Amino acid sequence: MSREGEVLERVLAVNRSLARSLDLTTLLSQVVDTALELLDAERGSVFLHEPASGTLVSRVATGTGELRIPADRGIVGECVATREIVLVADAYADPRFNRQVDLATGYRTRSMLTMPLIGHDDTLVGVLQVLNKRGGSFGDADLPIATALAATCAIAIQRMRLLEEIVEKRRMERELEVARDIQTRVFPKSMPEIPGYDVAGWSRPADQTGGDIFDVIAAPGSVLLLLGDATGHGVGPAISVTQVRAMLRIAARLGAGLDHTFRNINDQLSDDLSDNRFVTAFLGVLDPASHRVVYHAGGQGPLLHWRAAERTIDWLTSSTLPLGMLPFRKTPESRWIDMAPGDVLALVSDGIFECENAAGEAFGNERAGAIVSAGTGAAETVARMVAEADAFRGSAPQQDDMTVLVLRRRAAGRD
């Protein structure tokens, strides 16, 4: 068999071997070993291209540790720029050669062959470089071998990186499913019985996990109400609002008052969250005997108070800054709402108010207010809010987490 036939057979064997590799490190080691064998070289390295940083990083290199090389400098820079094989017969006679690696390792480079690794979609995958041909220097006779080898290796590396991305994506999806399950479990499974009242809540994240939360906690002689909305949506905000809910539950078990609870949750979040993170939250206590809701609304608003007797809505603004922005020097003053028969208190996250249809029009306060002012039961109000927001949005994607919590005092003698 001719030399060309032997090379072709070897490259085909390499292709079959690389297709069986189970991970990228094993694959790159096989690439280097094959290059050393086919090109009769002493040392070799595979550099993977990192477009974001503009560098080439050696994942496998014989005789040296990891190297990070700017992708626009020296011999590798020319290889990247031209996407052509760069042959250097005498390294120390070439001004592009960087002697620092030799000085650091004690190795002397004589000749070099640097090959661009171009994927099937013309994407630069990396660079393959071999050093010091045994018994002489690299020459034109090595170029066909190098070309065939580089093409085969580039596609194999690209395929392996795509497989790793798929595996990582699936792993992340599994972890997000676990996170979603954990977050879903902290929502109330059922609402407490409140004499003279009905209460209902609902939440749906924009992603697999969300930055909204609600809770209703029965305590002796009172009921705690929570609606929280962390900046953003996803795993980070989900952790933040779950932390708020956990701290509230602990405070309730310890019998802490509203002001003390609100201040300590804020100060803890201020310690824990980064400067650009915060949680808007309504935290209130209903006294079913006096029919008064005392509350703090940290950045959460508007709050909808439907006054059944007057048939009007009070649009209540937030009472203080969002939780976690900065520690409180002084606990903010609480506010209160007196719930007359038939009154409704609706806590609605901005994912509802700002829900947009395909034309970019927002659902808005007016539509939400009309639903609350219908005077239906809490569960019916929540269901209608969800249905009408979804119908309004239509085919447009849900951009933000959506949450509703409705408290309604039953009308005397009617329900």
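1. In helix α6, residues Q243, V244, M247, L248 and A251 meet T261, I265, Q268, L269 and D272 of helix α7, contact meaning heavy atoms within 4.5 Å. By class, this contact has 6 nonpolar, 3 polar and 1 charged residues; Ala, Val, Leu, Ile, Met, Phe, Trp, Tyr, Cys and Pro count as nonpolar, Asp, Glu, Lys and Arg as charged, and the others, Gly among them, as polar.

2. The model is predicted: local features need pLDDT of at least 70 and side-chain atom pairs count only at pLDDT 80 or more, whereas totals for chains, interfaces and linings use all residues. Residues are numbered from 1 along each chain as its sequence is written, and side-chain values use heavy atoms, with hydrogens and water left out.

3. Helix α6 spans residues 235-254 and α7 spans residues 258-272; their axes come within 10 Å and cross at roughly 145°. Helices (H or I, at least four residues) and strands (E, at least two) are DSSP runs numbered from the N terminus. Axes are lines fitted to C-alpha atoms, for helices over the stretch in contact, and angles run from 0 to 180 degrees between N-to-C directions.

4. Helix α7 also lies across strands β10 (279-287) and β11, and runs at about 165° to β10.

5. Both strands belong to an open sheet of 5 strands, ordered β8-β9-β10-β11-β14, with antiparallel pairing. The edges are β8 (212-219) and β14 (335-338); each has a single partner strand, so one side of each is left without a neighbour in the sheet. On average, neighbouring strands of this sheet are turned by 20° against each other, direction ignored. Two strands pair if DSSP finds at least two bridges between them.

6. Strand β11 (residues 292-298) is joined to β14 by 4 bridges in the antiparallel sense. Here R292 stands opposite D338 of β14.

7. A separate pairing links β12 with β13 (residues 312-316), antiparallel over 5 bridges. The hairpin of these strands has 4 residues between them, and R311 takes a positive phi near 55°.

8. The bridge partner of H305 in β13 is D314. The side chains of H305 and D343 are joined by a polar contact of 3.0 Å, that is, a pair of N or O atoms within 3.5 Å; within protein, one must be able to donate a hydrogen and the other to accept it, and residues adjacent in sequence count only if both atoms are side-chain atoms. Not counting residues up to four places away in sequence, H305 touches several others, including I337, D338 and M339.
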